[in-house]
Amino acid sequence: MAKSKSAYSIPSKIGKLETHILVVWVDNEASVLSRVVGLFSGRGYNIESLTVAEVDQKENLSRITIVTTGTPEVIKQIVLQLKKLVPVHKVANFKREDKNVIFKEMALFKIVGNSSKIKKVLNVCKKFNPVILDQTNKSAVIQITAMRKEIDKMTKNLKSHGLISVSRTGAVAMTRGAGIFN
Amino acid sequence: MPKLYTGAEILFKCLEEQKVKHIFGYPGGAVLPIYDELKNHSSVKHILVRHEQGAGHAAEGYARSSGKPGVVLVTSGPGATNVVTALTDAYMDSVPLVCISGQVPTHLIGTDAFQECDTTGITRPCTKHNWLVKDVKDLQRTIHQAFEVATTGRPGPVLVDIPKDIQFAKAKYVSLKKEKKIEIKNKNRFNQIDIDQLIELMNKASKPIFYTGGGVVNSGPKASELLRELVALTGFPITSTLQGLGSYPGDDNQFLGMLGMHGTYEANNAMHDCDLLINIGARFDDRITGKIDEFSPKSKKVHIDIDPSSINKIIKVDLAIVGDVTDVIKSTTKTLKKKNLNLEKSNKQKISKWWQQIQKWRTKQSLNFINSDKIIKPQHAVQRLYELTKNQDTFITTEVGQHQMWAAQHYKFNKPNRWMTSGGLGTMGYGLPAAVGVQLAHPKKLVVDIAGEASILMTMQEMSTAVQYNLPIKIFILNNQYMGMVRQWQELLHEKNYSESYTEALPDFVKLAEAYGCVGVRAKNPDELDEKIQEMINVDKPVIFDCHVDQAENCFPMIPSGKPHNQMLLGPKDQEENKITGKGKALV
């Protein structure tokens, strides 16, 4: 190891990284998103994707869904730090592999090509609920909903099928069954 | 129709209801309506500082020594940015501050107006929470909530940014009693099962230790009383962090002294070898733990903290108890007594071997230094200061550096709230303004800032504040003409390349004192030290004491870099035998 003259300790080994989806219920007020994002950047946590929208107008609540990676200790720390923020009501933490939780992302694809080409694209996207939002005789805008990795794959595959533009959301999540997270 | 009040009036009504007696501030364009209103509220005394950073640190000193939140009032733009260091300092050391800042009028926000800055944006990472008040109707609720957030749970700083037009605008004011109680975040969550588990661990332990921190002080004077009872009841040894000093008597036999980088040999070795470590209100700071992988390897660890995010952040613990220190210790002692375990007697037997080991470590006398009769040793100066002030209730503040560590090592505190130092952020320039705040909270008491000549120059201007309000603070400068701690690291780790750590031109501190209208005292040799210190204490005016000390003195003991607790570097003698190796340099 090279001589280090840093005033701080040498980092110890980094544990195994996990991907988690955090759902954060917050007051929908000015700067709340900046508080959440600032916490992540300030403490060096990752954000893979982030989705936010108001879910309850009466209660003035927004729901933020964050996909993040980190060691289990770091993930726990993120949850605890989030809970300390004044406008945060509750935080749910799911592993990406969790079978009891549905994760979905949405993507819009702009395809340039004739109708047979577009048909082909629809066929490829069949598994992901494709919806045609706009169609001309040489183009189409197609919406799909799927998991992140599936959308990644589709984006790659459709390049050769006339895909010229992609717009996508972050993940949203919901537990299966009748129960809700409290 | 109910009476309407201006925003400025509402602010003062809130401060009155919060029983605020002092605010530290500096006027400016965007807070003028508030300053205009000041004259109508005689119960709130404004202390005019000379720089907003000074206002922040003074409020910190006020808060830490009194247990009440410190209140700061600054203007927009530079007023707000100048207070950022103090807010960050308070955030790191969990000091309750409420900072009110003026802002440009609402319609000018975002236009790069004169003295505009994004105050809430800038202070977001260094406050527990902050607010920009955009409607005067929200002002009252916001101010009261600000006090609530600052003082509950783990305390910390908050900021309320009030645009100038809001200070003029009018709204109703409803007395706090009628207002429904504001929802408080995070409450105690520990239960009896946790306490029973703790007692189980305490019963089994043969090498236990208490490791206490600033949380005990923050929990209030009652926590310190209860801690003393618990320590006596169990017969366990106790060590404290820098911030926890005073919560347990420094001269008690069960107290091992401070732990950590410049802690005592016995405290650090006991931390390393113990089989039960009970952390009460401390946070496993990196200056405490040394090398994490080898931190207290054989112990079961218990962590008592009000902030759940402090637990398992750095060191994984076996038992976590989330709660206010006072409540947790109270339950523990109660249960101990109820079970009638009589730990004191049974444990004494069991842990007597442990105490024998500790006594062995103690014989190293790790705080010893080679005294001189020609030149004042800084440790000697602190010891003499302690001996000559211990007969009265003395409050000590410090700046940051070697002098701070010597003060922590050689000044012994018997009560909480008597020791104010910047630990987490390590802010040079903290001590002088903090002393101003302490003296205001305790007008008749002796307040001494143990300082270094480099630190003191950073906030020197606040001497003017001390003179204005007749605050007889004593600035006790250990003057070695070096940034001592920088110099020490350069000596030990950077081949004695003393790059920029020597101050070539220093003011004449005695003349400087006179220029400010206070008293200057200088001591150059050990013979005159006592007499001069006595002279300083006897003067009922602010004093700058210029104590010329050995320039080459280093602060020991020290956990050298890359080493765990049980491999400490002791004084000059021991050093010859244990040179720091290359890898170790990383850790200081």
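How many bridges join strand β4 of chain B to strand β5 of chain B? There are 5, and β4 (residues 70-74) and β5 (residues 97-103) run parallel; two strands count as paired if DSSP finds at least two bridges between them. Please keep in mind that this is a predicted model, where local features need pLDDT of at least 70, side-chain atom pairs count only at pLDDT 80 or more, and totals for chains, interfaces and linings use all residues. Residues are numbered from 1 along each chain as its sequence is written, while chains are lettered from A and ligands numbered from 1 in the order in which they are written. Helices (H or I, at least four residues) and strands (E, at least two) are DSSP runs, numbered from the N terminus.

**The open sheet and its helices**

- Strands β4 and β5 belong to an open sheet of 6 strands in chain B, ordered β3-β2-β4-β5-β7-β6, with parallel pairing.
- β3 (45-48) and β6 (129-132) of chain B each have a single partner strand, so one side of each lacks a neighbour in the sheet.
- Helix α3 (residues 52-66) of chain B lies across β2 (22-25), β3, β4 and β5, at about 165° to β4(B); angles run from 0 to 180 degrees between N-to-C directions, and axes are lines fitted to C-alpha atoms, for helices over the stretch in contact.

- All of β18 (residues 474-479) in chain B is buried, 6 of 6 residues; buried means 20 or more other C-beta atoms within 10 Å of the residue's own, with C-beta atoms placed from the backbone.
- Lys474(B), Phe476(B) and Leu478(B) are buried on one side of β18(B), and Ile475(B), Ile477(B) and Asn479(B) on the other.
- β17 (residues 446-452) of chain B pairs with β18(B) in the parallel sense over 5 bridges, and Ile450(B) has Phe476(B) as its bridge partner.
- β20 (residues 543-548) of chain B also pairs with β18(B) in the parallel sense, over 6 bridges, with Ile544(B) as the bridge partner of Ile475(B).

**Helices α16 and α17**

- α16 (residues 378-389) and α17 (residues 402-410) of chain B pack at an angle of about 45°, their axes 9 Å apart.
- Val382(B) and Tyr386(B) are among the α16(B) residues at this contact, and Trp406(B) and Ala407(B) are among those of α17(B); contact means C-beta atoms, placed from the backbone, within 7 Å.

Conventions: Two residues are in contact if their C-beta atoms, placed from the backbone, lie within 7 Å. A residue is buried if 20 or more other C-beta atoms lie within 10 Å of its own, exposed if 12 or fewer, and partly exposed in between; C-beta atoms are placed from the backbone.
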